[in-house]
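Please look over the sequence and the model first.

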Amino acid sequence: MRILLFTGKGGVGKTTVAAATAVATAASGLRTLILSTDPAHSLADAFAVPLGDQPTEVCENLWGGELDTRTRFEAAWSDVREYVVDVLDWAGAGALEAEELSVVPGLDEVFALAELRERAASGEFDVIVVDCAPTAETLRLLSLPDVLAWYMDRVFDSQRRLTKLARPMMSKVANLPIARDSVFAAVRRFYDRLDGVRELLTDGSVTTARLVVNPERMVVAEARRTFTYLSLFGYHVDAVIANRLLPAGVADPWFDEWKRVQSEHLTTIEDAFAPLPILTSELAAEELIGVARLGELAARVYGDTDAAAVLCASDPLRIAEVDGSFVLSLHLPFTVKSDIELGRNDDELFLAVGPHRRAVVLPDALARREVVGARLDGDRLEVEFATV
């Protein structure tokens, strides 16, 4: 089983590269599903076939789907939806607006995770290719398993009990809708459907992410930050795909400066992301629409390389024993010391890099030890724990 996540800044050709990869794995005989988790779906446009919420056959061994958040919300979370509508209606949104606003931001990511887990567990597919939303939404998607686990373990039950106690009093002093216990039960049932999704997505032998970039300064800068944040949450990145390079055969002098700039940025990409393989694709002379064109793109990107293989092994988080003390080591590429915040609360280690935060639940061997030091060693943060 392989899961390939494709992400990148909006407009870099992420959907096209993801679709081309799916065509390549399907052509090799692997049963392949490609899913779009981008609310602004364009996967159907890439294949030039209509796609819906459920897998639709695109060609031999290849199925595609575009998740419909509203349908999933109504089917799986009717109790939660009714409560959200009641709250919005109470706030003055009006019945029609409340219906429209009830699919709150972030649910796309939640349902995408559930769909991924269920499709992976079904055994129906050998490869699942995920056309993720642009970078910010992808980071929100991939940080959700950590955030949800922390909320459900630390907050959910106490909030449920507190709401149950406060409900009779609040109903007397205000007409604000208070969440019924069925709302909490629905949240718990749905969270149980996500059980194991973090382990699935952070297993580097199963799931890897591929960063799609164009050789442009702002795009490369965002890809570097994305690599850092994916590593923070323990995800494995196995390749960078530099897309839309100007073809060597373009001889018009008008493009000379563009070609020079692209060459410089490509060198930067190769140096900065080493040892990740840098796959390349030249700008096509026409739109890459349909299975045949996407297959041609896949041939240019991957050549003789197996598109479904793990292209580079990485080690985002490891724990090692050194002279009787333990060291927790986290891969944080493109980070400087001033970017990192580190804290400790009982059995949790809190890490913050830029706007993203992660609570690492420490194993028993580390939970009873004091943190005695931390340092940035190259591109790894090393946190040392005392001997007992």
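Which residues of α1 meet which residues in α12?

## Two helices in contact

The model is predicted. On the α1 side, the residues are Thr16, Val17, Ala19, Ala20, Thr21, Val23 and Ala24. In α12 they meet Val291, Leu294, Gly295, Leu297, Ala298 and Tyr302. Sorted by class, this contact holds ten nonpolar and three polar residues, and no charged ones.

Helix α1 covers residues 14-27 and helix α12 covers residues 291-302; their axes come within 8 Å and cross at roughly 90°. Angles of 65 to 115 degrees count as roughly perpendicular, so α1 is roughly perpendicular to α12.

## A four-stranded sheet

An open sheet is formed by four strands, in the order β9-β10-β15-β14, with antiparallel pairing. The edges are taken by β9 (317-322) and β14 (371-377). Each of these has a single partner strand, so one side of each is left without a neighbour in the sheet. On average, neighbouring strands are turned by 20° against each other, direction ignored.

Strand β14 is joined to β15 (residues 380-385) by six bridges, and the two run antiparallel. Across this pair, Ala374 stands opposite Val383 in β15.

## A loop residue

Between β7 (237-245) and α11 (256-273) runs a loop that includes Val250. Is Val250 buried, partly exposed or exposed? Its relative accessibility is 23%, so Val250 counts as partly exposed. Apart from neighbours within four places in sequence, Val250 is in contact with Phe255 and Lys259.

Conventions
Residues numbered from 1 in each chain as written. Predicted model: local features only at pLDDT ≥ 70, side-chain atom pairs only at ≥ 80, totals over all residues. Heavy atoms only, no water. Pairing = 2+ DSSP bridges. Axes fitted to C-alpha atoms, helices over the stretch in contact; angles between N-to-C directions. Parallel < 35°, antiparallel > 145°, perpendicular 65-115°, else oblique. Contact = heavy atoms within 4.5 Å. Nonpolar A, V, L, I, M, F, W, Y, C, P; charged D, E, K, R; others polar. Buried < 20%, exposed > 50% of the residue type's maximum accessible area, 1.4 Å probe, protein only.
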